[in-house]
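This report walks through a few local features, one at a time. Please look over the sequence and the structure before reading on.

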Amino acid sequence: MTTTHDVGVIGGDGTGPEVVAEAMKVMRAAADRFGFAVRPHEFPLGGDHYLRTGELVPDAMFSEIKRLPATLLGAVGTPEVKPGILEKGVLLYLRFELDLYINLRPVKLYPGVPCPLREVHSDGIDFVVVRENTEGLYVGAGGFHKKGTPDEVAVQESINTRKGVDRTLRYAFEATRSRGKKKQLTLCGKTNVLTFAWDLWQRAFDEMGDAKYPDIRREYNHVDAITLYFVERPHTFDVIVTDNMFGDIITDLAAIIQGGLGVASGGNINPEGTAIFEPIGGSAPPWKGTGGINPIAAIGAMKMMLDHLGETEAGEAVERAMIRTIQTDMTGQAAGQMGITTTQVGDRVRDHLLAEGRA
Ligand code: IPM
Ligand code: MN
């Protein structure tokens with residue numbers, strides 16, 4: 001009997017629908033080659049939907065997304081909607097309400113991808129950032145006092161729970177073990193200044209490591225120092241675990257050293273529930289409809305979705321087809337510099353994927 005994967009598809013705004021269409025094209029080819037079926041469930045979420053209907057995430061859509069094993073999201077955000085509304089009302093809403101407590105960001109410099117670092121060590125760049133995705137500064141705890149007066153006070157608190165920290169660390173330790181590479185997990189924090197939050201993280205990290213993961217080497221870097229090391233010696237990392245805010249910042253730096261937003265993918269995952277995979281680049285409004293946006297990041301997000309669905313063999317084949325396309329068919333990875341169009345990139349990845357299956 002053929003397995004059918006029901007997956008959510010949120011094209012969203014700007015170039016989101018264009019890149020998601022290419023990713024789904026490749027997913028259908030992977031299904032053909034590896035003998036499973038895909039049943040997409042489309043959700044019209046995002047800025048356009050909000051402007052048309054006033055709805056952010058309607059309850060019925062929320063329940064459907066929750067029920068599905070995984071969803072692929074293009075991008076959410078449009079210049080006509082004030083910053084903050086869609087971020088809070090759609091992206092963060094889904095992360096929090098679906099309890100997608102892991103933000104997983106593989107950082108891999110594929111052969112043939114231009115890297116802004118002048119020298120890249122022969123070991124290349126291949127690490128993973130595990131970012132806590134539902135706590136910290138993102139909780140929205142705090143408030144104003146005497147707003148708009150000269151005595152105004154604004155407080156923004158970072159919330160760190162033992163449960164939230166532990167489940168993130170557990171995922172990171174497990175990921176380090178199953179990657180089977182350097183067996184090294186780096187905690188990225190700020191223990192020298194933020195002495196409450198990072199005291200908790202550090203204690204939880206050491207306790208869990210000692211008790212359950214003696215095979216994993218533990219490292220610690222301050223967040224400021226890690227930005228420096230990303231540039232100086234990115235090849236020395238394996239898995240990095242950090243909180244929500246630091247993870248947000250360091251993964252943008254990580255994206256640029258892996259070749260930029262054209263290639264950077266991520267997943268918002270509840271390991272016991274559903275997950276949302278996305279290219280991290282956003283909706284890129286100026287590129288909408290031009291054929292100049294790079295779908296590789298969306299295809300990479302779909303590859304992560306395949307892994308999540310247990311189709312790891314298909315996922316690996318998709319990654320090889322992406323690398324093939326990057327090396328032989330594309331002149332660059334930035335928008336407008338690919339040498340071929342958005343649709344052609346999708347076609348080439350699909351063709352390489354199918355050709356390898358016939359070889
Ligand atoms: C990300 C984004 C989001 C974040 C924004 C759009 C809310 O920057 O996924 O990294 O800050 O987490
Ligand atoms: Mn970010």
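## How two helices pack

Angles under 35 degrees count as roughly parallel, those over 145 as roughly antiparallel, those from 65 to 115 as roughly perpendicular, and the rest as oblique. Helices (H or I, at least four residues) and strands (E, at least two) are DSSP runs, numbered from the N terminus, and axes are lines fitted to C-alpha atoms, for helices over the stretch in contact, with angles running from 0 to 180 degrees between N-to-C directions. The axes of α1 (residues 16–34) and α11 cross at roughly 10° and come within 9 Å, and α1 and α11 are therefore roughly parallel to each other.

Contact here means heavy atoms within 4.5 Å.

## Basis of the model

This is a predicted model, in which local features need pLDDT of at least 70 and side-chain atom pairs count only at pLDDT 80 or more, while totals for chains, interfaces and linings use all residues. Residues are numbered from 1 along each chain as its sequence is written, chains are lettered from A and ligands numbered from 1 in the order in which they are written, and side-chain values use heavy atoms, with hydrogens and water left out.

## Gln333 in a loop

Gln333 lies in the loop between α10 (312–328) and α11 (342–358). With a relative accessible area of 3%, Gln333 is buried (under 20% relative accessible area; exposed is over 50%, partly exposed in between, with a 1.4 Å probe and protein chains only). Not counting residues up to four places away in sequence, Gln333 touches residues including Val113, Gly259, Asn294 and Ile326.

## Phe205 in a helix

Phe205 belongs to helix α6 (residues 197–212) and is buried, its relative accessible area being 1%. Leaving aside neighbours within four places in sequence, Phe205 is in contact with residues including Leu169, Phe173, Arg218 and Val241.

## Cysteines

A disulfide is a pair of cysteine sulfur atoms within 2.5 Å, and by this rule the count comes to zero. The sulfur of Cys115 is 19 Å from the closest cysteine sulfur, in Cys188, which is too far for a bond. Cys188 is buried, with a relative accessible area of 0%.
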